[in-house]
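Reader: I have the sequence and the coordinates open. Please walk me through them.

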There are 2 protein chains.
Amino acid sequence: MKIAILLFDRLTALDAVGPYEVLARLPGAEVTFVGAAAGFVRTDNRSLGLAVDRTLAEVPAADLLVVPGGFGWRAAAEDPAVVDWIRRVHAGSRVTASVCTGSLLLAAAGVLDGVPATTHWNYLGELERRGAVPTVARIVEHGKIITCAGVSAGIDMALALSARLAGDDVARAIQLSIEYDPAPPFDAGSPAKAPAHLVEAIRARLAARDAAAAR
Amino acid sequence: MKIAILLFDRLTALDAVGPYEVLARLPGAEVTFVGAAAGFVRTDNRSLGLAVDRTLAEVPAADLLVVPGGFGWRAAAEDPAVVDWIRRVHAGSRVTASVCTGSLLLAAAGVLDGVPATTHWNYLGELERRGAVPTVARIVEHGKIITCAGVSAGIDMALALSARLAGDDVARAIQLSIEYDPAPPFDAGSPAKAPAHLVEAIRARLAARDAAAAR
C-alpha cells in the first residue's frame, strides 16, 4: 500500500508525524514524504526540518493520500502545483485523508465541495467558506474521504483508518506499539472543554497570524 | 528557554515530535534539534528524514533536554559522543526529559542510577538492568528528571512539564491549540488493556528486532 504524505513549508509537524507513526506500521505500508521541491521543508515555527524525499511529479499516484495542515496552509492552497497534485492523486486514491487545516487544502482542490468534513476548531468557518459542510467531530468519514480535527487528531484518525483498512486487531496492535493510552493532565483539548478566555486568546492569536500570512 | 531535542539514527519520530509540538509553544522557547553529525537522521523505518540543525559540540548546554527513543536506542546508547553529551547537558539542565526508550539512553549516561523512571512497556526490564528503578506509569517525575511511557506518551509528558514550567493556563492553551482531546477508537494502548495475544506478538517482534540490532 503506497502512502503519500504531503509536506509543505510551515506545516505543523505533528499533523504529518502522528498519522505517519500509525500508518507506517500497517502491513505492506510504503510511506513517501512528498513536496513541491526536493530538500527540506521547515515547520510552522521553523524549528524542525523534514525531508522531502520525492517531488510531486515523482509521485503521480498513491493508495492513501495524507494532507497535513499548519500555518502554511494558505500559501500551499494558493500553489497550483500542490492543489493540482492533490486533485490528481485523490482521483485515483483508495483513501484521501487530512489532518487539521489540511482539509482546507483538500477544499482548495475541489475535493470537499458539498462534503461533510472537519478541521481545526478555529477554522470551521473557513472550511464552510471553501465549500465543505463543516462538522464538529474528532473524525469525519465520507466515502473515501476522512478528515479530522486539529493537530493531535491525526493519531486517532489514522488508528480508525487502520482498522478500516487492515482490521481491528491490526489497529489495536499499532495502538499498543505506540502506547497510545492518552492521559492528558488537563481536560482542555477542545473549545467546548477549555476555559473561554483561552479559546478567545487562541482565536485572536491565529487571526493575527493568518492576517500577517495573507498580506 | 533553550530546549535541545536529541536526534539519532532510527529514532521514533513521534517520540521527538510529540514533545516538540507542545514545548515549542512555551513562551520564550527556542528549540534546537541536535545530533552527532549535521545533516539529517532517518527514522526507525527509514521513511522520514529529520534535520539535525546543530551538532552535539555546538550545543554544550540547554535548559531543557529531551531524549527520544526508537529502534536506534541501542546504537545511540553505545555511542560515547552521545552518552557523554547527555551527561554534560543534564549536569546543567533545568529539566531532563525522555520519551519511550530514550530513558535507556539516560540510563546509559548514568543519569538514572537508583532513580524511579519509566519507558516503553516492553523495555521496563532493560531499564532495570541499566540501574533505574522501573516504574509502571504514564509519566514519572523525580526531581528534575521526567521520563514517560512509549512514543505517544511524550505529548502527555510535555503538557505536564509545560504546566510545571509555565503554569496550568499556558499548558491548557497549548493543549487547546493542538486540539489534544484524544479519542482513540480502541482501548488497547497499554499491555494491561490490550488483548494478551497482541502483547505477546509485539514482545516477540521487538525481541527479534533488538536481537538483530545487537548482532
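**Domains, fold and pairing**

Author: This is a predicted model. The domain assignment of chain A gives domain 1 (2–182) and domain 2 (185–215).

Reader: How many Å separate the centres of domain 1 of chain A and domain 2 of chain A?

Author: The centres are taken over C-alpha atoms. For domain 1 and domain 2 of chain A, the separation is 22 Å.

Reader: How many residues of domain 2 of chain A are in contact with domain 1 of chain A?

Author: A contact here needs C-beta atoms within 7 Å. Domain 1 of chain A supplies four residues. By class, that side has two nonpolar, one polar and one charged residues. On the side of domain 2 of chain A, the number in contact is eight.

Reader: Is Ala212(A) buried or exposed?

Author: Ala212(A) sits in helix α8 (residues 196–214) of chain A. Ala212(A) has 9 C-beta neighbours inside 10 Å, so Ala212(A) counts as exposed.

Reader: What distance separates the C-alpha atoms of Ala212(A) and Gly70(A)?

Author: Along the chain, Ala212(A) and Gly70(A) are 142 residues apart. Between their C-alpha atoms, the separation is 14 Å.

Reader: What percentage of contacts in chain A join residues at least 24 apart?

Author: Of the 215 residues of chain A, 56% count as buried. For the contacts, take those between residues at least 6 apart in sequence. Among these, the share joining residues at least 24 apart is 64%.

Reader: What axis relates chain B to chain A?

Author: Chain B can be laid on chain A by a turn of 180° and a shift of 0.0 Å along the axis, with an RMSD of 0.0 Å. That is the relation of a two-fold axis.

Reader: Which residue of chain B comes closest to the rotation axis?

Author: The distance is taken at C-alpha. The closest approach in chain B is 2.4 Å, made by Leu50(B).

Reader: Why do the copies meet through the same surface?

Author: Compare the interface residues of chain B with those of chain A. The copies meet through the same surface because the share of chain B interface residues that are also interface residues in chain A is 100%.

Definitions and conventions: Residues numbered from 1 in each chain as written. Chains lettered and ligands numbered in written order. Predicted model: local features only at pLDDT ≥ 70, side-chain atom pairs only at ≥ 80, totals over all residues. Least-squares fit on C-alpha atoms with pLDDT ≥ 70 in both. Contact = placed C-beta atoms within 7 Å. Helix = DSSP H or I, 4+ residues; strand = E, 2+ residues; numbered from the N terminus. Buried ≥ 20, exposed ≤ 12 C-beta atoms within 10 Å, placed from the backbone. Domains from an automatic or database assignment. Nonpolar A, V, L, I, M, F, W, Y, C, P; charged D, E, K, R; others polar.
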